[in-house]
Amino acid sequence: HWCHAALVSPDVDVLHYEWTVFEHGPAGATHEDLIRWTSRLGRSPPVHVFNTGERADGEDYMLVGRYARQGYNAFYMKRGLANGGHDYESERAVGLDRFG
């Protein structure tokens with residue numbers, strides 16, 4: 001938890017975590033460690049994970065159920081981009097896949 005302590009003020013009100021673009025594979029243990037660590041701070045700030053994934057039925061979904069009373073929440077952004085009005089399907093048809 002040295003990284004958290006170096007980056008997060010003990011007076012924080014809400015912690016926004018957005019490192020998920022670099023998380024390949026399960027990250028639930030990392031997110032849960034962060035939730036537990038912040039619960040020991042003086043204000044016990046809620047943790048909000050902004051996730052680049054599409055679905056909320058994996059590890060983060062389980063953590064929301066477990067830590068909702070502490071204010072934990074996970075937001076999934078990729079599906080919002082895909083539904084945002086841009087015609088990604090026609091780009092895929094010509095070989096451009098923005099989501100790899």
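Modeller: Gladly! Let's begin with a cut-off: a residue is called exposed when its relative accessible area is over 50%, and buried when that area is under 20%. Please keep in mind that this is a predicted model.

Colleague: Thanks. What makes Arg69 count as exposed?

Modeller: Arg69 has a relative accessibility of 86%. The cut-off for exposed is over 50%, so Arg69 counts as exposed. Arg69 sits in the loop between H3 and strand S3, residues 73-76. Its C-alpha atom is 9.1 Å from that of Pro46, and the two residues are 23 apart along the chain.

Colleague: Why is Glu91 called buried?

Modeller: The accessibility of Glu91 is 12%. Buried means under 20%, so Glu91 counts as buried. Glu91 belongs to helix H5, residues 88-93. Leaving out residues up to four places away in sequence, Glu91 touches His86, Leu96 and Arg98.

Colleague: How many residues of the protein chain count as buried?

Modeller: The figure is given as a share: 31% of the 100 residues in the protein chain count as buried.

Colleague: Let's turn to the helices. Why are H2 and H3 called roughly parallel?

Modeller: Two packed helices are described by the angle between their axes and the distance between the axes. Helix H2, residues 28-39, packs with helix H3, residues 59-67, at an angle of about 25 degrees. Angles under 35 degrees count as roughly parallel, and H2 and H3 are therefore roughly parallel to each other. Their axes are 9 Å apart, and the crossing of H2 and H3 is right-handed.

Colleague: Which residues of H2 and H3 meet?

Modeller: From H2 there are Gly28, His31, Glu32, Ile35 and Arg36, and from H3 there are Glu59, Asp60, Leu63, Arg66 and Tyr67. The residues of this contact divide into three nonpolar, two polar and five charged.

Colleague: How do you know that Ala29 is exposed?

Modeller: Its relative accessible area is 53%. Exposed starts over 50%, so Ala29 is exposed. Ala29 is in helix H2.

Colleague: Why is Val64 called partly exposed?

Modeller: Val64 has a relative accessible area of 24%. Buried needs under 20% and exposed needs over 50%, with partly exposed in between, so Val64 is partly exposed. Val64 is placed in helix H3. Residues up to four places away aside, Val64 touches Tyr72, Asn73 and Ala74. The C-alpha atoms of Val64 and His48 are 9.8 Å apart, for a pair 16 residues apart along the chain.

Colleague: What makes Ser44 partly exposed?

Modeller: Its relative accessible area is 36%. That label covers the values between 20% and 50%, so Ser44 is partly exposed. Ser44 lies in the loop between H2 and S2. Its phi is near 45 degrees, a positive value in a residue other than glycine.

Colleague: Which residues is Tyr72 in contact with?

Modeller: Apart from neighbours within four places in sequence, Tyr72 is in contact with His31, Ile35, Val47, Val49, Asp60, Leu63, Val64 and Tyr67.

Colleague: Finally, what pattern does the protein chain follow along the sequence?

Modeller: The pattern reads α-β-α-β-α-β-α-α, and the protein chain has five helices and three strands. Among its contacts with a separation of 6 or more, 65% come from residues 24 or more positions apart.

Technical notes:
Residues numbered from 1 in each chain as written. Predicted model: local features only at pLDDT ≥ 70, side-chain atom pairs only at ≥ 80, totals over all residues. Heavy atoms only, no water. Axes fitted to C-alpha atoms, helices over the stretch in contact; angles between N-to-C directions. Helix = DSSP H or I, 4+ residues; strand = E, 2+ residues; numbered from the N terminus. Parallel < 35°, antiparallel > 145°, perpendicular 65-115°, else oblique. Left-handed = near helix turned anticlockwise from the far one by under 90°. Contact = heavy atoms within 4.5 Å. Nonpolar A, V, L, I, M, F, W, Y, C, P; charged D, E, K, R; others polar. Buried < 20%, exposed > 50% of the residue type's maximum accessible area, 1.4 Å probe, protein only.
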